[in-house]
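Me: I've got a model open and I'd like to learn how to read a few of its features. Can we go through it together?

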Amino acid sequence: MSYSPHTAADRERMLAAIGVGSVDDLFADIPTSDRAHRFELPEPLAEQEVRAELARLAGRNRIPRVSFLGAGVYRHLIPSVVSEVIGRAEFSTSYTPYQPEVSQGTLQSIYEFQSLICELTGMEVATASHYDGATATAEAALMACRLKGRHRVAVSTAVNPQVRRVLATYCAGPGIEIVEVGADTAEGGSGLTPVDAAAGVVKDECACLIAQQPNMFGCIEPMEQLAEAAHAAGALMVAVVEPTSLAMLSAPGSYGADIVAAEGQPLGIPPSYGGPYVGLMAARMESVRQMPGRLVGATRDGQGRKGYVLTLQAREQHIRREKAASNICTNQALCALAAATFLSAVGPEGLREIADLSATQARHVAAAIESAGLGQRRFSGPYFAEVAIRVPDAARRHAALAEQGIVAGFLLEPDYPELADTLLLAATELTTDADVEALVEALGSTP
């Protein structure tokens with residue numbers, strides 16, 4: 001950087017205090033070949049030239065005309081009020097609201113977000129500031145280990161593989177063991193997590209059982225029975241949910257979930273090449289002191305006026321340091337505001353309509369492909385808005401359709417070798433009958 005407030009003498013004193021000879025010595029653990037060197041940047045351009053270059057680069061993007069891609073991230077109609085609200089300067093430029101006297105707007109928006117998530121999940125308390133669904137799930141597992149004093153977690157293989165990889169990263173540092181419960185992916189299988197298998201795994205001193213609803217294959221898991229199996233072993237039940245599905249499926253609080261984690265992207269946030277997103281987390285009040293993330297509470301000031309403050313801050317790293325419930329730190333909660341605005345705009349009936357249309361179109365997709373003789377459902381279990389379809393030579397045809405501007409879902413084989421030639425196709429309220437016809441026609445003309 002071109003400016004530093006520290007003088008050469010300041011730097012020398014700091015280096016001497018930590019026993020290092022030079023700033024370069026601080027990077028000795030990084031191989032020289034991996035360190036940043038001189039950047040070869042082009043000459044500066046005038047504003048008009050920059051605009052032209054950015055337009056040229058943007059023109060290289062290939063935007064599909066039809067997409068059935070889901071697997072954790074979904075296209076939904078976002079009401080225009082969402083961008084209007086999150087674009088307001090008082091929200092888009094806000095900082096972590098440590099000073100309540102100047103942060104009432106931000107604090108209230110987070111409080112409303114938490115309230116909506118509690119209502120959606122049927123849980124008693126929710127926190128904010130989680131980065132995405134995968135990290136919220138990993139934080140839920142660590143929270144369960146703190147609550148139970150155990151160092152082993154069980155997770156179904158029907159949980160999204162990307163989420164399980166993040167979970168493994170989080171558990172590696174503290175030495176938490178992960179044991180897997182194999183989903184029923186056999187030929188003619190249900191695509192669900194077997195309750196008996198889960199009970200057999202979780203009884204071995206596990207802090208929690210993690211299952212996803214709907215699961216990676218779009219199937220609807222027997223969550224109540226899985227929760228009973230976890231509780232019988234003295235473990236907690238962590239439910240990883242898709243938020244729009246909760247307008248149709250049972251709320252986690254009703255089937256015995258102890259901690260809920262979710263990816264909040266479907267609630268008013270575009271796919272955006274993978275982020276930024278927002279993680280959702282909710283739990284029961286008895287566990288609140290072990291919950292990670294920001295927690296906003298409502299209170300009264302000295303004059304009796306309602307106000308909002310960060311509460312139970314002793315859980316957080318700016319106070320407890322290495323003993324904190326987590327190291328989640330600075331966060332504008334802008335994506336949380338987007339989710340709260342989305343839920344407020346569509347309301348309970350609108351969310352139910354989104355879920356209903358998504359489920360209906362998923363069945364339209366499956367029926368159209370099967371009736372055309374192009375593929376068949378891979379699993380027998382009930383499903384929500386994604387369906388696994390076996391299609392001959394799926395990988396090649398998937399690539400061929402992409403060249404035609406059609407994204408034929410998600411290939412399951414790379415993550416599940418036993419699911420060769422299987423496409424995971426997702427539908428939402430944006431999936432039209434014409435989209436389904438285009439998919440079927442393209443699959444039929446690409447033998």
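Me: Let's begin with histidine 130. Which residues is histidine 130 in contact with, leaving aside its neighbours within four places in sequence?

Reply: Contact means heavy atoms within 4.5 Å. Leaving those neighbours aside, histidine 130 touches Ala136, Val278, Gly279, Met281, Pro292, Gly293 and Ile328. Before going on: this is a predicted model, where local features need pLDDT of at least 70 and side-chain atom pairs count only at pLDDT 80 or more, while totals for chains, interfaces and linings use all residues. Residues are numbered from 1 along each chain as its sequence is written, and side-chain values use heavy atoms, with hydrogens and water left out.

Me: Is histidine 130 buried or exposed?

Reply: Buried means under 20% relative accessible area, exposed over 50%, partly exposed in between (1.4 Å probe, protein chains only). Histidine 130 has a relative accessible area of 3%, so it counts as buried.

Me: And where is histidine 130 placed?

Reply: Helices (H or I, at least four residues) and strands (E, at least two) are DSSP runs, numbered from the N terminus. Histidine 130 sits in strand E2.

Me: What is the strand order in the open sheet?

Reply: Strands of a sheet pair through backbone hydrogen bonds, either parallel or antiparallel. Two strands count as paired if DSSP finds at least two bridges between them. Here seven strands form an open sheet in the order E2-E8-E7-E6-E5-E3-E4, with mixed pairing. E2 (125-130) and E4 (177-181) are the edge strands, each pairing on one side only.

Me: How many bridges join E2 to E8?

Reply: Four, and E2 and E8 (residues 279-283) run antiparallel. Threonine 127, for instance, has methionine 281 in E8 as its bridge partner.

Me: Which strands does helix H6 lie across?

Reply: For angles, axes are lines fitted to C-alpha atoms, for helices over the stretch in contact, and the values run from 0 to 180 degrees between N-to-C directions. H6 (residues 133-148) lies across E2, E3, E5, E6, E7 and E8, at about 25° to E8.

Me: How many residues does H5 have?

Reply: The expected span of a helix is 1.5 Å times one less than its number of residues. H5 (residues 104-121) has 18 residues and reaches 26 Å from first C-alpha to last, close to the 26 Å expected. Its buried residues include Phe113 and Ile117. Glycine 122, with a positive phi near 75°, follows H5.
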